[in-house]
Every structure is written in structure tokens, then in C-alpha cells.
Amino acid sequence: MGRIRVLVVDDHRIFAEALAAALAAEPDVEVGAAGSAAAAERALERAATEGRGYDVALIDADLGAGAAGARSGSGAEPGEEARRRQGPAAPPPRRSAAPTTVARPADQLRHDQLRPEQSRADQLRTASPPPDGITLLGRLRRAHPGLRAVVLATADDPHRAARALHAGATGWVAKESSLARLLAVVRGVLRDETHLPPALLTGVIRELTTARRDRTESERLVDTLTPREKQILRCMVAGLGRQAVAERLYLSPHTVRTHMQNVLGKLGVHSTLAAVAVARRAGVSPAESAVPPSIASAP
């Protein structure tokens, strides 16, 4: 095996730089780092264009949570944590006081700074909230099928580990693990092995079994929909309202309302949110940005 190219994706700068330095000390490992989802996507795209694609991505499960205070270690909400530090008698902060500077995730690692000229894809990515690490993992695996992905986690969580495996992860490593353990996982996933901590196995198998059962039932319900109703459901998954669906499918809002009611009835739910949950479990993808003419002209 030649040199292993590893991309560390973590917005906790101290941890990411220390891990990158430790990995780079290995004679057969090359390391890059990205401090945000957008930076990771750019790094992978650039490496693929240059013909030097990454082999393994090490992705923080809590990517993007640092700026919201999730890394405080207490599990408290940011506002609650701030109140605890101030004490009950502390006055509210003056509006003129300069806020504590928090580095934007995209700027935290020097390897992948945001470029002044943003591509259209970057603009679209920054228009919505950044994904968490596991959501990003699935997106990267779809865009780069040959990439192996390993999740770096602060705690063992069977539900999240099962979700990561479903998204395409082949490894789950606790951040408190030794470098030797991490390297063993990196080399193992390149041999098409799947690495999970033994303590997680039972819980992950249970989660995957439950998810498969729920998915099968959801797929059965979705299969009862007509082609037009499935298209309406995909628009609902994309977060489109009635008027937007009507404009996209060239239908009247009244017709769309009728279709949506039929979708809810056939799925056995009472709200759009519940319908979207069923659709997600069944693997229904959001509607594309453009509607094929054959669908748009369907009755």
C-alpha cells in the first residue's frame, strides 16, 4: 500500500491540529485538515481535481456544535451555561460590550480558508445551516464513493453510530482513544473492514434492526401512493409549501392541497412533518431543483 491520504474534519482547532500533527509523523501518512463542512467539501473536490484524492476522512460527529457551546462538557444549553458562570445576581451584559470573539468554523484551520471568490455551490451551501458531522459524512460518501469515512466521537452512542453506518461510515472511534488505535482503524477501513468499539455492537445491531423494520413499513406505505402523490411527497421533503409546490408542478393550490391530504391519509399521519418523517425512513429524496416535463404535465 502506498501513502495514505487522510483528511481531518473538525472545528475544534486545538484537537484537529494536534491530531493532524500526530498522524503526519507516520512515514506513510499525508494529512490535510478542514474546519467546516464547506471547507471539507472544497478540499475533497480540489484533491480529486488534482488527481490526489483523499483515502480516509476522519469526521467529528459534533461538527458545527462548537460555536453553539456544545463542547462545554456540561451538556447545558449555551444560555444556561453562561448564566451559571455569571451567577444568579449578575446583571445582564451591556449591549455596548464587545462580545467574545468566536472563530467561524470555516476559518479555524489554516489549511482551507474561505476564498474571496465563492463558487455558486459554496453560496448555496452557506445559505443554509451547516450539517452535522454524520450528515456531512453521507454527503461526502455520495460525492466521493471511494472515500472511507471514520467518525470521531466524544461518547459512544448506538443510535448515532447506527446512523453513521447507514450514511456510509466504516469506523467509529472515541476521541479519547490512543493514536495507535486510530491508526489501526484507518488501516483497517482501507482493507474494507468495519470498526466499532465492542461496547457499541449490541446497541448498534438493535438500532439497525429497528431501523430496518421501520423502513420496511415506511416503504410499504409510500408504495401505496400514486406517481403524482410521490412527487408531492418529495416536494414536502424538500420543505416546499403548498404555493411553491403548485408553481413547481404547474397545478392549482387547491389541487395541491387535495394531493397533500391524500398523501397524509395514505401514510396514516396527520401533519406534513410526520409525512416527511415517514418519507425519510423510506429513503425518499427531496424534489430536484427542476421538474421533468413528463412529471409536470401529468394529471
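Student: Is strand β4 mostly covered or uncovered?
Tutor: Mostly covered: five of the six residues in β4 (residues 148-153) are buried. Buried means under 20% relative accessible area, with a 1.4 Å probe and protein chains only. Strands (E, at least two residues) and helices (H or I, at least four) are DSSP runs numbered from the N terminus.

Student: What is this based on?
Tutor: This is a predicted model, where local features need pLDDT of at least 70, side-chain atom pairs count only at pLDDT 80 or more, and totals for chains, interfaces and linings use all residues. Residues are numbered from 1 along each chain as its sequence is written, and side-chain values use heavy atoms, leaving out hydrogens and water.

Student: Which strands run parallel to β4?
Tutor: Strand β3 (residues 56-60) does, joined to β4 by five bridges, and strand β5 (residues 171-174) pairs with β4 in the parallel sense over four bridges. Pairing takes at least two DSSP bridges between two strands.

Student: New topic: which residues of α6 are buried?
Tutor: Ala 161, Ala 162 and Ala 164. They lie on the same side of α6 because they cover an arc of only 160° around the axis, taken from the directions from the helix axis to the C-beta atoms.

Student: What follows α6?
Tutor: Gly 168, with a positive phi near 120°.

Methods:
Buried < 20%, exposed > 50% of the residue type's maximum accessible area, 1.4 Å probe, protein only.
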